[in-house]
Amino acid sequence: MNVGAQTRLFGVVGHPLGHTLSPALHNAAFGATGYDGVYLALPVEPERLPDAIAGVRAWKVWGLSVTVPHKVAITALLDELTPEAAAAGAVNTVYWEADRLLGHNTDIAGYEAMLATAGRDAARALVLGAGGAARAVCLALRRAGIATTVAAREVSRAEALASAIEAGTVTGPTHAVAWSALEAWLPRVDLLVNTTPIGMYPAGDASPVPDLGRLPQGAVVHDLVYRPLETRLLHAARVRGLRTVDGGIMLVTQAAEAFSRWTGLPPPRAVMRDAFDQAT
Ligand code: NAP
């Protein structure tokens with residue numbers, strides 16, 4: 001990598017960022033395509049996010065990825081949202097269009113890639129968590145015509161998410177239940193999606209659903225967590241004979257979509273997948 005005066009700066013904003021593999025994926029993609037860019041981890045505490053975005057404008061940082069916990073808060077700090085980001089109410093990719101800073105959401109395409117792997121034919125999904133990634137997941141599920149229930153430890157957050165998604169319902173419905181009612185819902189769903197960080201490195205011993213016994217045989221389990229690749233939740237599902245999809249395909253797909261938006265180049269998906277495999 002030759003960093004010079006013309007090199008464009010990219011990065012990921014989040015807090016904490018110890019788990020992020022995005023620098024490995026994007027720097028590999030820059031190297032493979034010869035694009036003059038460098039991508040860094042840029043940890044930002046929640047209360048400093050407005051300052052960080054002012055810095056992005058001042059330095060003309062060329063592109064940003066956005067992760068936990070900033071995906072919803074950043075929507076208010078940008079000049080415009082793309083239709084995907086507006087529909088999800090969450091941003092995971094920031095780019096410039098002339099002198100305007102735009103927010104986009106490539107998690108939707110990323111989750112659609114998970115769904116295409118297994119679960120696309122589900123009738124009812126249970127989504128765990130109501131944060132930034134859950135919005136993209138619920139939108140993709142709605143578009144796929146899969147009725148969705150969202151469980152969150154603060155039920156008001158699940159309700160807010162469900163009504164935001166429901167507001168644009170063409171097929172649906174999306175509705176909320178309390179975290180305490182989660183186990184009772186398991187027999188009624190054929191797709192379980194974890195969008196919480198439970199089970200993520202370094203707390204890999206945890207699972208959002210310690211007992212999967214009530215999930216029907218034939219159900220599919222998705223975990224957005226990608227470090228470790230096989231979480232405690234996915235391990236338990238696999239042992240029970242259920243189909244599982246890990247968060248790797250979503251991470252690579254959302255990163256590839258962001259890369260092409262920033263650079264205008266076709267993304268080197270195989271290179272990005274290799275970088276991911278090597279880093280995990
Ligand atoms: P976020 O906006 O912070 O949302 C996290 C959600 O999880 C919130 O609803 C939060 O509830 C809930 N939660 C956290 N700890 C919990 C616990 N102990 N019990 C119950 N609920 C809990 O984060 P995010 O951006 O949506 O990301 C969530 C996870 O998805 C992260 O692990 C991230 O790495 C992963 N992710 C992966 C990909 C991928 O490409 N594979 C893409 C996006 C995200 P509260 O609101 O009550 O705090």
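**Contacts, helices and rings**

Biologist: Which residues does Thr280 touch, not counting residues up to four places away in sequence?
Modeller: With those left out, Thr280 touches Leu21 and Tyr226; contact here means heavy atoms within 4.5 Å. Before we go on, this is a predicted model in which local features need pLDDT of at least 70 and side-chain atom pairs count only at pLDDT 80 or more, while totals for chains, interfaces and linings use all residues. Residues are numbered from 1 along each chain as its sequence is written, and side-chain values use heavy atoms, with hydrogens and water left out.

Biologist: Thanks! Where does Thr280 lie?
Modeller: You'll find Thr280 in the segment after helix H10. Helices (H or I, at least four residues) and strands (E, at least two) are DSSP runs, numbered from the N terminus.

Biologist: How does Thr280 count by relative accessibility?
Modeller: Thr280 has 45% relative accessibility, so it counts as partly exposed. Buried means under 20% relative accessible area, exposed means over 50%, and partly exposed is in between (1.4 Å probe, protein chains only).

Biologist: And how many Å separate the C-alpha atoms of Thr280 and Pro228?
Modeller: Those C-alpha atoms are separated by 7.3 Å, and the two residues are 52 residues apart along the chain.

Biologist: Okay, on to helices. At what angle do H9 and H10 pack?
Modeller: H9 (residues 248–263) and H10 (residues 269–279) pack at about 135°, and their axes are 10 Å apart. Axes are lines fitted to C-alpha atoms, for helices over the stretch in contact, and angles run from 0 to 180 degrees between N-to-C directions.

Biologist: How are H9 and H10 oriented to each other, then?
Modeller: They are oblique to each other. Under 35 degrees counts as roughly parallel, over 145 as roughly antiparallel, 65 to 115 as roughly perpendicular, and the rest as oblique.

Biologist: Is the crossing of H9 and H10 right-handed or left-handed?
Modeller: H9 passes H10 in a right-handed crossing. A crossing is right-handed if the near helix is turned clockwise from the far one by less than a right angle, and left-handed if anticlockwise.

Biologist: Which residues meet there, in H9 and H10?
Modeller: From H9 there are Gly248, Ile249, Leu251, Val252, Thr253, Ala255, Ala256, Glu257 and Phe259, and these meet Arg269, Met272, Arg273 and Phe276 in H10. By class, the residues of the contact of H9 with H10 are eight nonpolar, two polar and three charged. Ala, Val, Leu, Ile, Met, Phe, Trp, Tyr, Cys and Pro count as nonpolar, Asp, Glu, Lys and Arg as charged, and the others, Gly among them, as polar.

Biologist: What about H1 and H9, at what angle do they pack?
Modeller: Their angle is about 50°, with axes 10 Å apart. That makes H1 oblique to H9. On the H1 side the contact is made by Leu25, His26, Ala29, Phe30 and Thr33, and on the H9 side by Leu251, Val252, Ala255, Phe259, Trp262 and Thr263. The contact of H1 with H9 has eight nonpolar, three polar and no charged residues.

Biologist: New topic, rings. How many aromatic pairs does the structure hold?
Modeller: Seven aromatic pairs. Rings of Phe, Tyr and Trp (its six-membered ring) pair if their centres lie within 6.5 Å; planes under 30 degrees apart count as stacked, over 60 as edge-to-face and the rest as tilted. One of the pairs is Phe10 with Phe30, with ring centres 5.0 Å apart and planes at 45°, so the pair is tilted. Phe10 is in strand S1 (residues 8–14) and Phe30 in helix H1 (residues 22–33), so this pair links distant parts of the chain, 20 residues apart.

Biologist: Nice. What are the distance and plane angle for the rings of Phe30 and Phe259?
Modeller: The centres of the Phe30 and Phe259 rings are 5.9 Å apart and the planes are at 40°, so this pair is tilted. Phe30 lies in H1 and Phe259 in H9, so the pair ties together parts that are 229 residues apart in sequence.

Biologist: Are Phe30 and Phe259 buried or exposed?
Modeller: Both Phe30 and Phe259 are buried.

Biologist: Which residues form the aromatic cluster?
Modeller: One cluster is formed by Phe10, Phe30, Tyr35, Tyr39, Phe259 and Trp262.

Biologist: Last one, the backbone. Which residues does a cis peptide bond with omega of about 0° join?
Modeller: That bond joins His15 and Pro16, and Pro16 is in the loop between S1 and H1. Most peptide bonds are trans.
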